Amino acid sequence: MGNENSQTNETPPLEIALVAGEGTLPLEIARRLTDRGTPPVVYSLRENVGALSKFAWDVVVLSRLDLASTLADMKGRGIRRVLLAGVVPKTLLYQPAMLDAGARELVAGLAVRDDHSLLAALVQAFERLDLRVEGYRHLIEDLMAPSGEFAGRPLSEEERADVAYGMEVARVLLPLSFGQTVVVHRRSVVAVEAMEGTDAALLRAGSLCKGGTVVKMMRVDQDDRYDLPTVGPRTLHHMARAGLRCLAVEVGRTIVLEPEAFRETARAEGIAVAGVSPCPSL
């Protein structure tokens, strides 16, 4: 681990740490914490820290998933509260060199290695050391997806039918801890998200059909402290590249990053975006 800033002799306000993966969500959270007078110590798993350092009390750069050293550093600083945000590729699990002994032991001890189990085990590792993993929804309530058509053009009747069908498919898949994003076209499943992530699933769908509908949902027992689905302008750019024309996300449980840019991109690309309620059984 390496520190970008050198303020470690001071006590962070309110003892908050942010473990930051890729994407703009960690930056938004850090900025809002700083605006409230509580800049976090950032533990960065990002390729480039970039602007995130402007909103951090200190930055610890993690070149790999070094669980033991990270936990020890947090305890040494007196940190008590931890936020987890941003994208960390699941493919790290298949790169032993990117995991320390503690992380390898954590993964090896899992009977099932789906997202749900992995994140729960990681949280337990923090909590065993009295590090409280907290949610950040209260910081970004204005970024949660609203109900109805909220960006781009209105949905067509065919797209409404595809959204309903995609939700039924997601209802079956989500309890299995995959399929958070489903792409359908004319009531046929084109692609289902697995370990490759949303962006790669969208581009794969685009290689198979044009004009598909993307449905992104959340399992009922997904921990919203650290595992909220997220979309943003990047999502729409990938959809446009793949020729996908409609996006449905879950009301109140999906983060819409950079909302102004998101709406402008949806308008420019002619993509219909709607917030939908989950199926009762999700």
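Arg-77 is located in helix α2, where helices (H or I, at least four residues) and strands (E, at least two) are DSSP runs numbered from the N terminus. With a relative accessibility of 13%, Arg-77 counts as buried, a term that stands for under 20% relative accessible area, as against over 50% for exposed and values in between for partly exposed (1.4 Å probe, protein chains only). Although Arg-77 and Glu-15 are 62 residues apart along the chain, their C-alpha atoms are separated by 8.0 Å. The structure is a predicted model, in which local features need pLDDT of at least 70 and side-chain atom pairs count only at pLDDT 80 or more, while totals for chains, interfaces and linings use all residues. Residues are numbered from 1 along each chain as its sequence is written, and side-chain values use heavy atoms, with hydrogens and water left out.

Ile-79 touches Glu-15, Ala-17, Val-41, Tyr-43, Met-74 and Leu-131, if residues up to four places away in sequence are not counted, contact meaning heavy atoms within 4.5 Å.

Thr-213 is placed in strand β10 (residues 213–216) and, at 0% relative accessibility, counts as buried. Its contacts, leaving aside residues up to four places away in sequence, are with Glu-159, Asp-162, Val-163, Val-182, Val-183, Val-184 and Cys-246.

The axes of helix α6 (residues 198–206) and helix α7 (residues 233–242), which are lines fitted to C-alpha atoms over the stretch in contact, with angles from 0 to 180 degrees between N-to-C directions, come within 8 Å and cross at roughly 15°. The two helices are therefore roughly parallel, since angles under 35 degrees count as roughly parallel, over 145 as roughly antiparallel, 65 to 115 as roughly perpendicular and the rest as oblique. In this contact, Asp-199, Leu-202, Leu-203 and Gly-206 of α6 meet Arg-234, Thr-235, His-238, Met-239, Arg-241 and Ala-242 of α7.
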